[in-house]
Amino acid sequence: MRVGIVGSTGYGGVEIYRLLSKHKYVEECIIYSSSESGKLYEESYPHLTGSHTHLKSIDVDQIENDVDVLFLATPPGVSTKLSPQFIERSVKVIDLSGDLRLKSSHTYKNWYKREAAPADLLNEAVYGLCEVNHDQIQSAKFIANPGCFPTATLLGLAPLTKAKAYKEDSIIVDAKTGVSGAGRKASLATHFGEINENLKIYKVNEHQHIPEIEQSLTEWNQDVAPITFSTHLIPMTRGIMSTIYVTLKKESQINSLKEMYEAYYEKSPFVRIRPIGSYPATKEVFGSNYCDIGLAYDDRTGRVTIVSVIDNLLKGAAGQAVQNFNIQNGYEEITGLDSYPVYP
Ligand SMILES: NC(=O)C1=CN([C@@H]2O[C@H](COP(=O)(O)OP(=O)(O)OC[C@H]3O[C@@H](n4cnc5c(N)ncnc54)[C@H](OP(=O)(O)O)[C@@H]3O)[C@@H](O)[C@H]2O)C=CC1
Ligand SMILES: CC(=O)N[C@@H](CCC(=O)OP(=O)(O)O)C(=O)O
């Protein structure tokens, strides 16, 4: 299998390269750049010294000759223009941006403040939440890799939502992320002096992941109401913690949350459910494709607290993209991803 990465000089792209350049079914991993073509990859990323790979310019005809599967690890708007050019070509596309995730063009325009991709492409794209949409991913040509916060949040909510176990208007999500979520380019919000010893809330009620999360939740239970979702930037490089609160319905009969979640994720190698009383920390999934989930029920308030952690660049981006690639191409789901987190 020959694969290509557009956006390979970014954080998501370089993680895909690290995973796929050692993947046992990948013969060649070709990297493309809109700004650095001709340069040796290791000039941008010295940790890849010895890879001896040159960045190529982005030419759609050339890409079709070069690769079977193309990863787009590019900012919003790029896939909107690039992906339609592959509709009539043999290349499969896995897009890490938000461009193909929302089925409604109108919703995309509202939240991303830019034009959506063509409607036929949005219809065709499969939302690549591997643990839930496994069967559709197997036959997908275009895969919309989920956002980092939606991955942690939706995996945390899926079992209780599908069981219609909580009051549909009770969802509150309080999420935190490390700065690599904002990409490699320097910005005022993420530079050291701004974020060191600091904690900031951002995009309050305006985050582009709100409609993405609601889209899946309402597919699973059409009565789910709009969610309250807050994101915070914290002074660490990688990691997301999504702490989710829902109020159980009076009639819900759940003997054991842990058993319920374990049963739902029985065939999911990357979701680990913690024993009751133990809560996952971001460091416990650092550098891995795991999503770890901790659960608590408070019988004073009737609320469940769900704590879901991932590494935003792996399960939240490149790792899930490779997991999608494995499922899409008939390889064992864990190929190239089967390692414990880096600790400490
Ligand atoms: N960082 C994260 O944790 C996550 C990121 N994502 C999404 O993945 C995508 C990539 O994110 P990330 O790697 O962090 O971002 P970065 O900013 O680190 O990298 C994006 C790369 O895209 C390329 N690029 C920029 N403009 C264009 C253009 N006009 N045409 C083609 N390529 C372009 C650039 O590479 P070059 O100049 O070499 O072409 C750049 O290095 C984004 O859509 C992001 O929202 C999703 C989940 C998590
Ligand atoms: C720290 C930080 O800024 N994180 C980004 C993560 C977005 C992302 O990567 O997802 P999309 O592909 O949906 O844009 C944010 O919260 O917008």
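Is Y41 buried or exposed? With a relative accessibility of 0%, Y41 counts as buried, where buried means under 20% relative accessible area, exposed over 50% and partly exposed in between (1.4 Å probe, protein chains only). The model is predicted: local features need pLDDT of at least 70, side-chain atom pairs count only at pLDDT 80 or more, and totals for chains, interfaces and linings use all residues. Residues are numbered from 1 along each chain as its sequence is written, chains are lettered from A and ligands numbered from 1 in the order in which they are written, and side-chain values use heavy atoms, with hydrogens and water left out.

**Aromatic pairs**

- Rings of Phe, Tyr and Trp (its six-membered ring) pair if their centres lie within 6.5 Å; planes under 30 degrees apart are stacked, over 60 edge-to-face, and the rest tilted.
- The count under this rule is 9 aromatic pairs.
- Y41 and Y45 are edge-to-face, because their ring centres are 5.9 Å apart and their planes stand at 90°.
- Y45 is also buried, at 4% relative accessibility.
- Y108 and Y112 make a stacked pair, with 4.5 Å between centres and 10° between planes.
- Y25, F71, F325 and Y331 belong to one aromatic cluster.

**Setting of Y108 and Y112**

- The two residues are 4 apart in helix α5 (residues 105-112), so about one helical turn separates Y108 from Y112; helices (H or I, at least four residues) are DSSP runs, numbered from the N terminus.
- Y108 is buried at 1% relative accessibility, and Y112 is buried at 13% relative accessible area.

**Charges over rings**

- A charge sits over a ring if NZ of Lys or CZ of Arg is within 6 Å of the ring centre and within 35 degrees of the ring normal.
- R238 lies over the face of F286, 5.8 Å from the ring centre.
- R272 lies over the face of Y290, 3.9 Å from the ring centre.
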